[in-house]
Amino acid sequence: MRIQFRHYVLAFGAFLFGVAISTLPAFASAGSGIIGLYNASDPKAFDQALRDAEPELTSKGCGVSRVGEVAGVQADIGLGDVNRLIHVTCRSTILDNAMGRAVLDSLSSAASRVALLEGRYLDGPLDNGAPDGRAYILKLSRYSNSDPNARDADLAALDRQVAGLDDVYQNEVYLEVHRAMGMPTPDEAVLLYYPSSEAGERFRANNQSLLEKIGRFNRAHLTEFAYYLIKPIR
């Protein structure tokens with residue numbers, strides 16, 4: 001398993017949640033991923049609306065890869081209340097044109113769209129089966145870009161420290177975001193998981209000095225970030 005600390009840095013700087021959604025579509029040439037955040041007054045109606053939209057998504061070269069309930073959030077990137085997450089994997093971008101956007105707009109009958117984020121995969125999506133028992137976190141981050149060279153050096157140092165540690169998370173999706181709807185475009189969206197919430201708790205308990213360094217990194221190189229606790233639906 002390839003672990004890069006760049007994907008990890010923003011996920012646990014001060015993250016206190018014990019984190020506790022279907023197999024990823026086998027798109028070997030998947031070039032674009034979408035993270036959608038919604039606020040559904042009737043979550044069951046939203047889940048059905050998503051199932052109803054899947055044939056049209058398939059016709060656009062996309063598939064629903066993960067669905068989750070947003071159970072909590074830490075920090076603030078300027079979004080309102082969210083209770084549903086979707087990850088859609090596509091062969092090409094769809095938010096860049098009205099016809100592509102219309103497919104996801106069909107979900108607005110069942111929920112308020114809070115944000116859609118689309119970008120290219122820098123890591124993943126992994127096709128590694130059902131997520132039963134996993135502990136998921138979605139990380140959204142925006143860099144200050146005040147000193148990219150120092151940021152890269154700090155990331156490299158953290159990467160060296162994390163190498164070989166027990167109970168390290170795995171990235172399922174790492175997107176470099178190029179388009180956003182509902183919010184200013186963040187730099188990155190990362191969906192990651194531990195094998196279990198217990199593994200995440202052990203990692204944080206056993207690596208306090210590392211978490212402190214991550215906090216310093218956040219203060220030095222980020223302007224905004226948020227961590228979303230995701231519980232699996234399918």
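This is a predicted model: local features need pLDDT of at least 70, side-chain atom pairs count only at pLDDT 80 or more; totals for chains, interfaces and linings use all residues.

Modeller: Residues are numbered from 1 along each chain as its sequence is written, and side-chain values use heavy atoms, with hydrogens and water left out.

Biologist: What makes up the chain in terms of helices and strands?

Modeller: The chain has 5 helices and 8 strands. Helices (H or I, at least four residues) and strands (E, at least two) are DSSP runs, numbered from the N terminus. From that end the order of elements is β-α-β-β-α-β-β-α-β-β-α-α-β.

Biologist: Why are D105 and R113 called a salt bridge?

Modeller: The term requires a side-chain nitrogen of Lys or Arg within 4 Å of a carboxyl oxygen of Asp or Glu. For D105 and R113 the N to O distance is 3.7 Å, so the pair meets the criterion. The structure holds 10 salt bridges. In general, side chains of opposite charge can pair when their charged atoms come close.

Biologist: Why does D105 count as partly exposed?

Modeller: Buried means under 20% relative accessible area, exposed over 50%, and partly exposed in between, with a 1.4 Å probe and protein chains only. D105 has 33% relative accessibility, so it counts as partly exposed.

Biologist: What makes E176 and R120 a salt bridge, and which parts of the chain does the pair tie together?

Modeller: The closest N and O atoms of E176 and R120 are 2.7 Å apart, and the pair forms a salt bridge. E176 lies in strand 6 (residues 170-181) and R120 in strand 4 (residues 112-123), so the pair ties together parts that are 56 residues apart in sequence. E176 is partly exposed at 34% relative accessibility, and R120 is partly exposed at 46%.

Biologist: How do you know whether R134 and E172 are buried or exposed?

Modeller: R134 has 10% relative accessibility and therefore counts as buried. E172, at 0%, is buried too. These two residues form a salt bridge, with their closest N and O atoms 3.4 Å apart. R134 lies in the loop between strand 4 and strand 5 (135-143) and E172 in strand 6, so the pair ties together parts that are 38 residues apart in sequence. Salt bridges that share partners join R66, R134 and E172 into one network.

Biologist: Why are C62 and C90 called a disulfide?

Modeller: A disulfide is assigned to a pair of cysteine sulfur atoms within 2.5 Å. The sulfur atoms of C62 and C90 are 2.1 Å apart, so the pair qualifies. A search of the whole structure finds 1 disulfide. C62 in strand 2 (residues 62-74) and C90 in strand 3 (residues 84-90) are 28 residues apart, and the pair links distant parts of the chain. The link is right-handed, with 110° about the S-S bond. C62 is buried at 1% relative accessibility, and C90 is buried at 0%.

Biologist: Why are helix 4 and helix 5 described as roughly perpendicular to each other?

Modeller: Angles under 35 degrees count as roughly parallel, over 145 as roughly antiparallel, 65 to 115 as roughly perpendicular and the rest as oblique. Helix 4 (residues 197-206) and helix 5 (residues 208-221) pack at an angle of about 85°, with their axes 5 Å apart. The two helices are therefore roughly perpendicular to each other. The axes are lines fitted to C-alpha atoms, for helices over the stretch in contact, and angles run from 0 to 180 degrees between N-to-C directions. F203, R204, A205 and N206 of helix 4 make the contact with Q208, L210 and L211 of helix 5; contact means heavy atoms within 4.5 Å.
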